[in-house]
Each structure stands twice: as structure tokens, then as C-alpha cells.
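I opened this entry to keep track of what I looked up in the model, element by element. My notes follow in the order in which I went through it.

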Amino acid sequence: MVEVCHNTATNSLSLIPLVEGPTPPPDPRHELRDNVIHPQCVLVFTGCTLKEDDLKDWLRQCAKQKPPKKALRTRRSLSVQEIRSIHARRHLDPLPEGYFYNGTQFVNFLGEKMDYHPRILIPYT
């Protein structure tokens, strides 16, 4: 058992171990699950003008935040070096129907030649 103290005036947080302290009443929802006893954790907040929503927001901010998702890269957002790097890693990937590699360039059934794998120009599926 630990007493959690937060002073809003100084914005300081302290954890004080308790030798003996009050025990929360048993909660029948958490007593037994699949015949396994789960330890209970309880936080008791005391203070003036405490609001449940504010405390929930404060607890959410204490948890590790999810990193923002990275934006999807498009062909226009890739540098020439990044395109060359992708080509070096993926040039031996299977070719789409109608393409073959002549040892130097990628050629389609119309005879058009490309220096890069055709799937670099069209999205991978």
C-alpha cells in the first residue's frame, strides 16, 4: 500500500509507503476470475473541489501517451535517394503481368522501358 500525494500548488508528486492503512471494501466483480486471485489496486483522492472528470483526465495524462501516427509517404514525398534505396531492395520482386526484365531495364508488353521496378510507380497491393 502506498499513499500518493500530489500538491497542485507546487505540482509535486510523492509516494509514501504505508505500514498499515485502511483496506478497501471487497468488490465482488474482482474477487475471482477463472479461479485466479487478482491483486486489487485502489486510489483514494481527498481534497477540496475535486471533480471526477478532472481526476480521470489527470490519470490519463500520467499514462504513456500513444505516439502520433506517421503520415503515409507518397512518391512525391520520397527523395531520389529513398527511391534508389527502395529499388535496390525490391528490384527482384515479382513483376506484374505484362512486364519482364531484360537484364538492364524493365520492359512492358508495349515495349516501353523503365529503369525502376514497375511497382515503384504503381502501389504495392
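This is a predicted model: local features need pLDDT of at least 70, side-chain atom pairs count only at pLDDT 80 or more; totals for chains, interfaces and linings use all residues.

I looked up S1 (residues 2–7) and S2 (residues 12–17) and found them paired in the antiparallel sense over 6 bridges.

**Nonpolar patch.** Which residues make the nonpolar surface patch of about 690 Å²? I listed Val 2, Val 4, Leu 13, Leu 15, Leu 43, Phe 45, Leu 50 and Leu 59, and I noted that S1 and S2 each supply at least two residues of it. I then checked Leu 15, which is found in strand S2 and counts as exposed because its relative accessibility is 58%, where the cut-off for exposed is over 50%. For the strand members I recalled that in a regular strand the side chains alternate between the two faces of the sheet.

Thr 49 lies in the loop between S2 and helix H1 (52–62), and I recorded its phi as near 50°, a positive value in a residue other than glycine. Thr 49 is exposed, with a relative accessible area of 75%.

**Salt bridges.** How many salt bridges does the model hold? The count comes to 4, and I looked at several of them. Glu 52 and Lys 56, both in helix H1 and 4 residues apart, about one turn of the helix, form a salt bridge with their closest N and O atoms 3.0 Å apart; Glu 52 is exposed at 56%, whereas Lys 56 is partly exposed at 36%. Asp 57 forms a salt bridge with Arg 60 at 2.9 Å between the closest N and O atoms, and since they are 3 residues apart in helix H1, about one helical turn separates them. Asp 57 is partly exposed, at 38%. I also recorded Arg 73 and Glu 82, whose side chains meet in a salt bridge of 2.9 Å, N to O, with Glu 82 partly exposed at 31%.

**Asn 108.** Is Asn 108 buried or exposed? I found it buried, because its relative accessible area is 8% and buried means under 20%. Asn 108 lies in strand S4 (residues 106–108), and a polar contact of 2.8 Å joins its side chain to that of Glu 112. Leaving aside residues up to four places away in sequence, Asn 108 touches Gly 98 and Tyr 99.

Note on methods: Residues are numbered from 1 along each chain as its sequence is written. Side-chain values use heavy atoms; hydrogens and water are left out. Two strands pair if DSSP finds at least two bridges between them. Patches are made of residues with over 30% relative accessible area and no salt bridge: like charges are joined within 9 Å, nonpolar side chains (Val, Leu, Ile, Met, Phe, Trp, Tyr) within 5 Å. Accessible areas come from the Shrake-Rupley method with a 1.4 Å probe; for residues, only the protein chains shown count as cover. Buried means under 20% relative accessible area, exposed over 50%, partly exposed in between (1.4 Å probe, protein chains only). A polar contact is a pair of N or O atoms within 3.5 Å; within protein, one must be able to donate a hydrogen and the other to accept it, and residues adjacent in sequence count only if both atoms are side-chain atoms. Contact means heavy atoms within 4.5 Å.
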